[in-house]
Amino acid sequence: MKFAANITLLDFGCPVLDRPSWAKQLGFDGIECLFPYDHSLDEWDNALSGLPVALINSPEPDWAAGARGCGALVGCEETFRERAGHAQAYAKALGADRLHLLSGNSMGSDALAALVRNLQWAADSAPDLMHTIEPLNPIDMPGYFLNDYHLAIDILAQVDRPNVGLQYDAWHAQRIHGSALDVWNDCKTHVTHVQIAGLVARNAPDLTNADEVALLGAIADHGYDGWISAEYMPGPADDPDWLAKARQITG
């Protein structure tokens, strides 16, 4: 398994284009960046210096104002296609392994139908690119349409495209369902990207926590061989050796 640093949350105290080099120095195999669109592809090429990109998100220009994408927003199909197309071009140019398509703040059966149609369109428009959907917990992301892992599995079945899979985030899984390990065991066959953080406070993974050790062990035992991205809020109590310990657990 390969470990990536989410350089949106892990800012290393420096501008975003300086963060890939810090991630490499700290032992990460690659990076993910939620919204790379403020910088040109040439700027990213220079900043990455060959470091792989695990994942990017589809654009959301109004994120700071609370917007969370438009995949499940009825009547926003053209906006979705414009944003998805832009994201697909960026993902391909950056060599990103995954593109996370944001669902948005919505609810109801019409929203579900819109999301399924939009995901099918995205998958068919870029068949060589793996797309993901990710449930976000309603405590941190109130109003987000995709807020349950069982709903995500149902959506994947309806979309029925080989290049649309599940993005598993341990923090969100824990907050939504109460046990990140149980969610992993229920959904692991659908997972194409993994994100981890400390399960108590979304700090660095705490590998003195038996639940977090068990989760990493279960991911390894399943034979998952994709990216594990560190998406957490750095704190003064973080174990500086957590990445080396995680590599030992996952083999």
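Seven aromatic pairs are present in the structure, a pair being defined by ring centres of Phe, Tyr or Trp (its six-membered ring) within 6.5 Å, with planes under 30 degrees apart classed as stacked, over 60 as edge-to-face and the rest as tilted. The model is predicted, so that local features need pLDDT of at least 70 and side-chain atom pairs count only at pLDDT 80 or more, whereas totals for chains, interfaces and linings use all residues. Residues are numbered from 1 along each chain as its sequence is written, and side-chain values use heavy atoms, without hydrogens and water.

Tyr168 and Trp184 form an edge-to-face pair, at 5.4 Å centre to centre and 70° between the planes. Because Tyr168 belongs to strand S6 and Trp184 to helix H7 (residues 180–187), this pair ties together parts 16 residues apart in sequence; helices (H or I, at least four residues) and strands (E, at least two) are DSSP runs, numbered from the N terminus. Tyr168 is buried, at 0% relative accessibility, where buried denotes under 20% relative accessible area, exposed over 50% and partly exposed in between (1.4 Å probe, protein chains only). Trp184 is likewise buried at 0%. Ring pairs link Tyr149, Tyr168, Trp184 and Tyr224 into a cluster.

Tyr232 and Trp242 form an edge-to-face pair, at 6.0 Å and 85°. Tyr232 lies in the loop between S8 and helix H9 (242–250) and Trp242 in helix H9, so parts 10 residues apart in sequence are tied together. Both Tyr232 and Trp242 are buried.

Eight strands form a closed barrel in the order S1-S2-S3-S4-S5-S6-S7-S8, with parallel pairing; pairing requires at least two DSSP bridges between two strands.
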